[in-house]
Amino acid sequence: MNAMHVPVLDLTRLDDPATLRALDRACREWGFFQVTAHGIDDHLLRDLFDAAHRFFALPAADKQRVARSADNPWGFFDRELTKNTRDWKEIFDFGPPDGARQRPQWPDGLPGFELAVRRYYAACAALAARLIDAIGVNLGMAPGHLRPAFGALQTSFVRLNHYPPCPAPARPEGVLTPEHGYLGVNHHTDSGALTVLLQDEQPGLEVFRDGHWHLVEPLAAALVVNIGDVVQVWSNDRYRAALHRVLTNTSKPRYSAPFFYCPAYATDYAPLQSTVDAAHPARYRAINWGEFRARRAAGDYADLGEEVQLAHYTV
Ligand SMILES: O=C(O)CCC(=O)C(=O)O
Ligand SMILES: [Fe+2]
């Protein structure tokens with residue numbers, strides 16, 4: 001195991017110049033960091049884990065009653081593909097309603113489940129808004145410049161992940177999909193702007209940096225944050241969305257809860273004007289989030305050939 005660790009930032013004073021510098025460095029060097037003093041109440045995080053444990057312990061038929069479909073991405077799913085390869089996990093997704101078909105689904109007979117998920121969503125959205133403000137400032141934009149993309153029409157969502165013990169864990173050296181055995185989640189970048197992640201005490205999450213995989217250590221008081229593709233584009237590659245994956249193990253279940261901070265569908269994102277000059281021409285053309293997300297979601301749901309990547313939008 002590699003000895004370098006992802007940086008840990010104390011967010012007590014996020015607008016402090018020293019914190020902003022540490023944030024910029026973490027975004028440049030890792031695209032991944034952990035945050036303490038993040039302001040999210042411990043009870044809320046405990047309630048969320050409790051809700052996740054109770055949901056995944058339900059009989060399979062009860063979970064299937066809230067299964068997601070080709071029309072509705074919100075609900076239970078246990079056949080997700082990442083890099084066209086089956087992940088060893090089951091998930092529950094909650095995001096905003098959109099039209100008649102896309103709507104949250106809630107399991108019967110789990111008092112407190114919906115409330116715990118909604119509270120976690122709201123708390124993570126507030127934290128992500130603070131972080132995106134700081135990132136915008138670090139990239140040379142006025143405070144609040146990126147906020148409008150994340151108003152009432154933001155398409156952020158919460159995912160509950162359960163990785164059951166796996167009889168055949170895989171551990172490929174590089175960024176390969178395993179030929180034998182399973183990963184909890186195959187290597188990928190997150191396609192939104194930022195991800196805020198709660199993980200339990202069971203190790204498994206790894207980030208790829210300088211040719212090696214590094215464990216993102218479970219820290220009791222911390223949340224994990226990583227840069228997604230949208231911020232990579234805004235930053236014109238100053239920050240990279242880091243590749244990450246989740247290992248399985250033979251004996252212990254693992255639970256995690258990412259909050260994917262995503263803009264409104266109508267958002268067109270391109271390198272911010274402050275990141276582009278004669279020496280640094282724009283590396284991406286404008287991308288429409290609604291279009292990108294629809295193409296990625298179709299690939300996660302079923303094997304439709306090559307998954308859409310940022311590389312398809314470089315200039
Ligand atoms: O479970 C984790 O720690 C990370 C999960 C992840 O990367 C994802 O769901 O995109
Ligand atoms: Fe991820």
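**Notes on a predicted model: strands, helices and a few loop residues**

1. Let's start with one pair in the sheet: Val185 stands opposite Val246 in strand 13. Please keep in mind throughout that this is a predicted model.

2. Stepping back to the whole sheet, you will find 4 strands in the order 8-13-10-11, forming an open sheet with antiparallel pairing. Strand 8 (185-188) and strand 11 (212-215) are the edge strands, each pairing on one side only. On average, and ignoring direction, neighbouring strands of this sheet are turned by 25° against each other.

3. Asp210 has a positive phi of about 50°, although it is not a glycine. This residue is found in the loop between strand 10 (205-209) and strand 11. Is Asp210 buried or exposed? With a relative accessible area of 59%, Asp210 is exposed, because the cut-off for that class is over 50%.

4. Asn236 lies in the loop between helix 5 and strand 13. Here the relative accessibility is 6%, so Asn236 counts as buried, the limit being under 20%.

5. The loop between helix 5 (229-234) and strand 13 also holds Tyr239. Tyr239 is buried, with a relative accessible area of 0%. Computed along the chain aside, what does Tyr239 touch? Leaving out residues up to four places away in sequence, the list is Asp24, Cys27, Arg28, Ile135, Asn138, Leu139, Ile227, Val231 and Gln232. As for Asp229, Tyr239 is 10 residues away in sequence, and the C-alpha to C-alpha distance is 9.4 Å.

6. The axes of helix 1 (residues 17-29) and helix 4 come within 10 Å and cross at roughly 85°. That angle makes helix 1 roughly perpendicular to helix 4. Helix 1 brings Leu20, Leu23, Asp24 and Cys27 to the contact, while helix 4 brings Ala134, Ile135, Val137 and Asn138. By class, the residues of this contact divide into 6 nonpolar, 1 polar and 1 charged. Among the residues that Tyr239 touches are Asp24, Cys27, Ile135 and Asn138.

7. Helix 4 has another partner to look at. Helix 2 (residues 42-56) packs with helix 4 (residues 113-138) at an angle of about 135°, the axes being 9 Å apart. Helix 2 is therefore oblique to helix 4. What is the handedness of the crossing of helix 2 and helix 4? This crossing is left-handed.

8. For the residues behind that packing, look on helix 2 at Leu44, Leu45, Asp47, Leu48, Ala51, Arg54 and Phe55. On helix 4, the contact is made by Phe113, Ala116, Val117, Arg119, Tyr120 and Ala123. Sorted by class, the contact of helix 2 with helix 4 has 10 nonpolar, no polar and 3 charged residues.

Conventions: Residues numbered from 1 in each chain as written. Chains lettered and ligands numbered in written order. Predicted model: local features only at pLDDT ≥ 70, side-chain atom pairs only at ≥ 80, totals over all residues. Heavy atoms only, no water. Axes fitted to C-alpha atoms, helices over the stretch in contact; angles between N-to-C directions. Helix = DSSP H or I, 4+ residues; strand = E, 2+ residues; numbered from the N terminus. Parallel < 35°, antiparallel > 145°, perpendicular 65-115°, else oblique. Left-handed = near helix turned anticlockwise from the far one by under 90°. Contact = heavy atoms within 4.5 Å. Nonpolar A, V, L, I, M, F, W, Y, C, P; charged D, E, K, R; others polar. Pairing = 2+ DSSP bridges. Buried < 20%, exposed > 50% of the residue type's maximum accessible area, 1.4 Å probe, protein only.
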